[in-house]
Amino acid sequence: MYNSRRKPAEDVPMELTAIWSCSNDKCKGWMRDNFVFNVIPVCPQCQSNVMRDERMLAAVTNTSPSQIKI
Ligand SMILES: [Zn+2]
């Protein structure tokens, strides 16, 4: 699923990231799936329903326990 090997113009590695995007056409609200803690999230800006989507975003450190190494 990841295309992180493809080097973009900038230094920040990009990866296809699961997001939630607002279903409201007039709203550009979206959020990373990583930061969603509700089972059924709503748009942080207009409280509309959000839909699962994917987007190329700068990779961020994932703090899920499986990646924490001491
Ligand atoms: Zn919205």
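Analyst: S21 is buried, with a relative accessible area of 11%; buried means under 20% relative accessible area, exposed over 50%, and partly exposed in between, with a 1.4 Å probe and protein chains only. This is a predicted model, in which local features need pLDDT of at least 70 and side-chain atom pairs count only at pLDDT 80 or more, while totals for chains, interfaces and linings use all residues. Residues are numbered from 1 along each chain as its sequence is written, and side-chain values use heavy atoms, leaving out hydrogens and water.

S21 belongs to strand 1; strands (E, at least two residues) are DSSP runs, numbered from the N terminus. Setting aside neighbours within four places in sequence, S21 is in contact with G29, W30, N49, V50, M51 and D53, where contact means heavy atoms within 4.5 Å.

Strand 1 runs antiparallel to strand 3, with 9 bridges joining them, and antiparallel to strand 2, with 3 bridges; two strands pair if DSSP finds at least two bridges between them. W20 stands opposite R52 in strand 3 and opposite M31 in strand 2.

W20 and M31 also sit in the largest nonpolar core, whose 6 residues include C22, C27, C43 and V50 as well. Such a core is a set of buried Ala, Val, Leu, Ile, Met, Phe, Trp, Tyr and Cys residues joined through side-chain atoms within 4.5 Å. Beyond four places in sequence, V50 is in contact with W20, S21, C22, S23, M31, P41, V42 and C43.

Now to the metal: C22, C27, C43 and C46 coordinate the zinc ion through their SG atoms at 2.2 to 2.3 Å. Donors here are N, O and S atoms within 2.8 Å of the metal (3.2 Å for Na, K and Ca), and because water is not among the atoms, sites may look incomplete. The angles among the 4 donor atoms are 99 to 114 degrees, making the site tetrahedral, a label given to four donors if all angles lie between 85 and 135 degrees. In sequence the donor residues follow the spacing C-x4-C-x15-C-x2-C. C27 lies in the loop between strand 1 (14-22) and strand 2 (30-32), and C46 in the loop between strand 2 and strand 3 (50-58), so this pair ties together parts that are 19 residues apart in sequence.

Among these cysteines, C43 is buried at 0% relative accessibility and C27 is buried at 13%, whereas C46 is partly exposed at 29%. With a disulfide taken as a pair of cysteine sulfur atoms within 2.5 Å, the count is 0 disulfides.

How values were computed. Tetrahedral: all angles 85-135°; square planar, octahedral: opposite > 155°, others 65-115°. Helix = DSSP H or I, 4+ residues; strand = E, 2+ residues; numbered from the N terminus.
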